[in-house]
Amino acid sequence: MWSCGLLNGTTQDEEQLCQDLRLGLWVLSLLYLVAGVPVGLGYNILLVLVNLSSKSSMTMPDVYFVNMAVAGLVLSALAPVHLLGPPHTRWALWSLSSEAHVTLLILFNVASLVTMYSTALLSLDYYIERALPRTYMASVYNTRHVCGFVWGGALLTSFSSLLFYICSHVSSRVAECAKMQNTEAADAILVLIGYVVPGLAVLYALALISRIRKEDTPLDQDMGRLDPWVHRLLVATVCTQFGLWTPHYLSLLGHTVLVSRGKPIDGHYLGILYFAKDLSKFLAFSSSSVTPLLYRHINRNFPSKLRRLIKKMNCGLQHCSPDPSGVQPVMAEA
């Protein structure tokens, strides 16, 4: 993915600088594939196994983080192909057919949409849980069904990329595809639905949460509310996800705006755009490794759940006595 083509309007010095920058990104991507991808795969798998093995003690945030962990596994599996194999560059270690490239793009878009909407819904449900702790509107049962709709919605939204690809091949025979000759419209849809909408939802939820935290009400003493560390985990997750995914969506928006102008893009700006898109995609993939690490270090219940999972694995086929620690603890708000 990290290469420079011969761009019109670029000088020899600019071409050499582009080559040096992309070589550095190529080395950085190799380091990430060697260290970051195994860490992401390991911690995401561990996050899923630990929570699924202790379903009775899962909370609403746990369900959303399991959802993000599954999306992270998809991103980790796609990272080697995306970072080292797109067909438009001479640095690529392998080439892909157009059909395979579109399939990988759709999977990437699905994972990104699931990640962003899980973060947004986690923020909204956290506010509901803080404001109305015993209404069970943000219960584990409801959250599981919501996550199912998130995956379905992500698949439907990413279908637009497949539709544009099909129309680019049959546009000469189907008149309805005549207006769908490029992928910029699909990118604009992804920016609107995949970034603007969840971004506004997160901002709204954080504003409501900050208002609640400033108020001193009798509900603050409710023993059924979430632990204080959940708020720190929420803020860290929101900052991480939007910090790492914002460059990707901004690059899509920038490319869409430049193409919509209908003017040829200068070679200098085209090189900058390609570099920005490659760098932003690298940052997006890194989110699959950072998020489970945040969950591991901020979630205070994770070590006890991990110990119970290890105990179950050590028991094997032997009968183990019930573990009283497996009962869901009563969480109090500090």
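Helices (H or I, at least four residues) and strands (E, at least two) are DSSP runs, numbered from the N terminus. The legends below describe a predicted model, in which local features need pLDDT of at least 70, side-chain atom pairs count only at pLDDT 80 or more, and totals for chains, interfaces and linings use all residues. Residues are numbered from 1 along each chain as its sequence is written, and side-chain values use heavy atoms, with hydrogens and water left out.

**Figure 1**
From the N terminus on, its elements run α-α-α-α-α-α-α-α. Of its 334 residues, 47% count as buried; buried means under 20% relative accessible area, exposed over 50%, and partly exposed in between (1.4 Å probe, protein chains only). Contact means heavy atoms within 4.5 Å. Among contacts in the chain with a separation of 6 or more, 83% are between residues 24 or more positions apart. The chain exposes about 17,000 Å², and carbon and sulfur atoms supply 68% of this area. Accessible areas come from the Shrake-Rupley method with a 1.4 Å probe; for residues, only the protein chains shown count as cover.

**Figure 2. Helix α2 has a kink at Leu78.**
This helix covers residues 60–84, which makes 25 residues. Its first and last C-alpha atoms are 37 Å apart, close to the 36 Å expected at 1.5 Å a residue. The expected span is 1.5 Å times one less than the number of residues. The kink is about 45 degrees and lies shortly before the proline Pro80. The bend at a residue is the angle between axes fitted to the seven residues ending there and the seven starting there. Of the 25 residues in α2, 19 are buried, so the helix is mostly covered.

**Figure 3. A salt bridge joins Lys305 and Asp62.**
A salt bridge is a side-chain nitrogen of Lys or Arg within 4 Å of a carboxyl oxygen of Asp or Glu. By this rule the count comes to one. The closest N and O atoms of Lys305 and Asp62 are 2.9 Å apart. Lys305 lies in helix α8 and Asp62 in helix α2, so the pair ties together parts that are 243 residues apart in sequence. Lys305 is buried, with a relative accessible area of 3%, and Asp62 is buried with a value of 3%.

**Figure 4. Helix α8 covers residues 302–315.**
Its 14 residues should span 20 Å at 1.5 Å a residue, and the end C-alpha atoms are 20 Å apart, which agrees. The buried residues of α8 are Phe302, Lys305, Leu306, Arg308, Leu309 and Cys315. An α-helix has 3.6 residues a turn, so residues three or four places apart point the same way.

**Figure 5. Leu233 and His231 lie in helix α6.**
The helix covers residues 229–260. Leu233 is buried, with a relative accessible area of 1%. Not counting residues up to four places away in sequence, Leu233 touches Phe65, Leu294, Tyr295 and Ile298. The C-alpha atoms of Leu233 and Thr291 are separated by 9.8 Å, although these residues are 58 apart along the chain. His231 counts as buried at 16% relative accessibility. Leaving aside neighbours within four places in sequence, His231 is in contact with Tyr126, Ile209 and Arg213.
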